[in-house]
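Here's a quick briefing to read with the model open beside you.

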Amino acid sequence: MALLVRDDVPLAPLTTLELGGRARHLVEATDDATFIDAVRWADARGVPVFVLGGGSNVVVGDAGFDGLVIRVATRGFQFDDGGAGETLVTAAAGEPWDALVAETVARGLAGLECLSGIPGLAGATPIQNVGAYGQEVAETIRGVRVFDRHSAALETLAPDACAFAYRDSAFRRAPERWLVLGVTFALRTDGAPTLRYRELADALAGTATLAQTRDTVIALRRRKSMVLDASDPNRRSVGSFFTNPIVDAAVADALASRAVAEGLVSRPDDVPRWPAGPGHTKLSAGWLIERAGISKGLRRGPVGVSSAHALALVHHGGGTTAALISLAREVRAAVQSRFGITLTPEPIFVGITI
């Protein structure tokens, strides 16, 4: 079957921000063969490629993308006995993430329940090393099936080869090399939910089932406008726009002491922070943003800060990507000026820099 390549396709409707220009070319890949053929089509013509999933973690520039956008639409998942109390769950890259999580919870499989309610597709999770409420996909990924554009070969990468880090991976650092076709997770059969995140544990107030954990995570996310909801005025966003900064423990301690001295908190322990490996501490980007004077609900014309969570930048309609980026720079500059900490953006940027 001939490859169906569409020209001059609007990208804004394919993203949760509803911002951005047009794609010079676009292919919808409903199977792996089409996915790979599309890349070969682009490579033969010297055309750059961008792979688009659910559009929930991407910011497209107003000029669009002067190349081929491959929209991932592969579907399907299967469950296999992994032995030693594990079940292997293999999902196609285009499988909707939350539907997959719901299915694993319904089957009594532990390991993804805290990642409930996250928009997007399964294939994006290893790229971003998606995480929330005390879990990251890196903890359960057993293998990632890819097409290597350098060798033109299909292979399955083990977790070590994925080089996972906080909201990062080898796939994100070298987006031109690998196409993620599928992901295999190793989940605990009849396992208990992960309740290491304080907000979640407090909300559950004791032991909980996987289903109760999933429901509570979704409720917590909904209160922060972090689930897709057509009726939510904060709905046009990419979720968290910045990652939580990881700093030297001494820097975090100094910040906490300063916060007490300046009356921002009563005690150093009131500054939200978490261990992040030897000698390092993770800070709350949302807390830093608000204490830097950027309030929830701030408006800059058609864009603004979510009224539910300071970490989300939102598009209220009729805006431009340029306006959103201007606001992002304002937020980052405020935190840098107030605390000396530079926030790192979380989404993928297409045709723009911040």
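Buried means under 20% relative accessible area, exposed over 50%, and partly exposed in between, using a 1.4 Å probe and protein chains only. At 1% relative accessibility, L327 therefore counts as buried.

A bit of housekeeping: this is a predicted model, where local features need pLDDT of at least 70 and side-chain atom pairs count only at pLDDT 80 or more, while totals for chains, interfaces and linings use all residues. Residues are numbered from 1 along each chain as its sequence is written, and side-chain values use heavy atoms, with hydrogens and water left out.

**Around L327**
- L327 sits in helix α10, residues 321-339 (helices are DSSP runs of H or I, at least four residues, and strands are runs of E, at least two, numbered from the N terminus).
- Beyond its neighbours within four places in sequence, L327 touches L298, R300, V303, G304, V305 and L313, where contact means heavy atoms within 4.5 Å.
- V303 is 24 residues from L327 in sequence, with 7.7 Å between their C-alphas.

- β17 and β18 (residues 303-305) are joined by two bridges, and R300 stands opposite V303 in β18.

Conventions
Two strands pair if DSSP finds at least two bridges between them.
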